[in-house]
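Good morning, colleagues. Please look at the structure as it comes up.

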Protein chains: 2
Amino acid sequence: MRQGSMIFMTLISVSIATTTLASNEPIQPIEAVKGINEAQAALGKKLFFDPRLSKSGFISCNSCHNLSMGGTDNLKTSIGHKWNQGPINAPTVLNSGFNLAQFWDGRAKDLKGQAGGPIENPGEMASTHKLAVEVVASITGYQAEFKRAFGSEGVDIDKITTAIAEFEKTLVTPNSRFDQWLLGNKDAINEEEKKGYQLFKSSGCTACHNGVAVGGNSYQKMGLITPYKTDNKATGRFGVTKKESDKFMFKVPTLRNIELTYPYFHDGNAATLTDAVQTMGKIQLAKEFSQEENASIVAFLKTLTGDQPDFKLPILPPSQDKTPQPAPFK
Amino acid sequence: MRQGSMIFMTLISVSIATTTLASNEPIQPIEAVKGINEAQAALGKKLFFDPRLSKSGFISCNSCHNLSMGGTDNLKTSIGHKWNQGPINAPTVLNSGFNLAQFWDGRAKDLKGQAGGPIENPGEMASTHKLAVEVVASITGYQAEFKRAFGSEGVDIDKITTAIAEFEKTLVTPNSRFDQWLLGNKDAINEEEKKGYQLFKSSGCTACHNGVAVGGNSYQKMGLITPYKTDNKATGRFGVTKKESDKFMFKVPTLRNIELTYPYFHDGNAATLTDAVQTMGKIQLAKEFSQEENASIVAFLKTLTGDQPDFKLPILPPSQDKTPQPAPFK
């Protein structure tokens, strides 16, 4: 018993020490998710992987937010219905629950608001909410799961997007080497990576890339110091608010798992982290990083890769005879 | 100890009894896979899910042989590069190791021979073996895995397809209710399902749909009694052998997991099992099943759904700066 109490005391003091350490930094570690509705999240996981939410029966949420690949498609801009070329780079779904709003322009206030968008976007999944509901509601294997998750019979788009959002909330990536360092493990990152982090802070990157998600909590102008040159037509927040001052204001992307979420920027025009860091320095901070400085920052950024999704491939319930059939070529 | 021995004796006698039972039937239960090279299969699983094997970076083996959906895409014919409409229904990859050859026309002699096909088919993944090898070889996270799996440095198409095939060999689906019944559990299927099985045998379906995979072990003419009407241009084995007698000879598909692998036939023109059973009766057996008979056979067929793939979603190693970039719109 005595030994037990001593261990307990030690744990408490370590816990206090790490909290103190982390709170001095502009970046906070990711904590385990709490308060998830497990039945909704389990259902949402299946729906996230279900291509029957699209008109073609071929595109699921996971097609563009591929959980095997950092929650992105690793393409400059996404492929949608009939191979439509999307207008913007697909943001990662990992840690997206930390964002102040969803989409690059923040036009959806939360994950649930986001989830309904692609389903009915003609250039993405090209279905309608009505059709998606009809499809899902027809599938016997889903019916009991909706009842369990929501306590009532029936399927509607509100339940579908609530379940998907609940699943997405679970997609956090704790335990990155950087978080281990924040939590007191001095050897979790090496000298080069520490140097990169110091430079990341001293150069001003943390003015925007801070907090738990190392971004995602503000809108900032792309091209603050020097205009950003791109063929991409996105205008950022302006598209939502129509205020001139919101032109080219985009949600600052999270840098969590940035090693996995290439290519970078809303237009996907930075193919590598080296490119992205160099451009950011130039257009946002009026800095020209040396090759060595750039390499250190990149080394630091790669310490932000956390535990990736860790679950069984979901098995989807089969369609029934009455389920509306996919129409990929219509 | 005494009780232990008695349990052991009981297990032996059950085992003998079930073997005897199963061997009297034209369908054999699926046994657990043996002799798998685990390192190759683990690597192959990642490659199976990796869209970087395609030119677009968007299409993986799993896109058309979706392991969440019975190893198929549940489309009449598949979607390929730039939304190309494929010529034929994607066969399930589940239990495909039991097939006498691969593809509907048997043009690949085994799983390894099959795996290389779609990668370089311009209407499917639209890459080349050379490019696929260059992409995979550039990815640091894959390099050690190839060494572990093959005992030698380097990546080539032979190793890639060997690994994918080794993974595919693991995709068997034992423990269906029908197999439980074959193995001696009399209550595993109900009276209606038993009636359906008797009818399935007495009507002659087992002439072609037999063995472990309930098919997959012979070529047969589609439209044996009555010509099969379809707009689909596939000519079956004729395309491979150029023998007139091989026209419309197709590999008999497995009926394992048939509940999940809709729509049916090489052209995907039968949307439901009811349709498929009725058409088969008519054109292969000169039988017009009553509605009741059809329903019994369908009930039996649904007992062939076995244990679905049961593994963690693979996490793919990220591309490197030097990795050739996907070209979805070129």
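**The interface and the cavities**

Between chain B and chain A, the count of salt bridges is two. Please keep in mind that this is a predicted model. In one salt bridge, the side chain of Asp310(A) meets that of Lys312(B), at 2.9 Å from N to O. Polar contacts across the interface of chain B and chain A amount to 14 residue pairs, counting those with both residues at pLDDT 80 or more. On the side of chain B that touches chain A, H3, strand S1 (79-80) and strand S2 (84-85) of chain B each supply at least two residues. That side of chain B comprises 23 nonpolar, 16 polar and seven charged residues.

As to extent, 46 residues of chain B are in contact with 46 residues of chain A. The area buried between the chains is about 3,800 Å², and carbon and sulfur atoms give 69% of it.

How many cavities of 30 Å³ or more does a search of the whole structure find? The search finds three. The largest cavity holds about 360 Å³ of space. Its lining consists of 24 residues, and those nearest the centre are Ser60(A), Asn62(A), Ser63(A), Asn62(B) and Ser63(B). Helix H3 (61-64) of chain A and helix H3 (61-64) of chain B each supply at least two residues of this lining. By class, the lining has 11 nonpolar, 12 polar and one charged residues.

The second largest cavity has a volume of about 50 Å³. Among its lining residues are Arg52(A), Leu316(A), Asn74(B) and Tyr262(B). Six nonpolar, three polar and one charged residues make up that lining.

Terms used:
Residues are numbered from 1 along each chain as its sequence is written. Chains are lettered from A and ligands numbered from 1 in the order in which they are written. This is a predicted model: local features need pLDDT of at least 70, side-chain atom pairs count only at pLDDT 80 or more; totals for chains, interfaces and linings use all residues. Side-chain values use heavy atoms; hydrogens and water are left out. On a 1 Å grid over the protein atoms alone, a cavity is a set of points where a 1.4 Å probe fits but cannot get out, and a pocket is an open set with protein on both sides within 12 Å along at least five of seven lines; lining residues have an atom within 4 Å of a point. Grid points are joined across faces, edges and corners, and a volume is the space filled by probe spheres set on the points. Helices (H or I, at least four residues) and strands (E, at least two) are DSSP runs, numbered from the N terminus. Ala, Val, Leu, Ile, Met, Phe, Trp, Tyr, Cys and Pro count as nonpolar, Asp, Glu, Lys and Arg as charged, and the others, Gly among them, as polar. Contact means heavy atoms within 4.5 Å. Buried area is the accessible area (1.4 Å probe) that two parts lose on being put together, summed over both. A salt bridge is a side-chain nitrogen of Lys or Arg within 4 Å of a carboxyl oxygen of Asp or Glu. A polar contact is a pair of N or O atoms within 3.5 Å; within protein, one must be able to donate a hydrogen and the other to accept it, and residues adjacent in sequence count only if both atoms are side-chain atoms.
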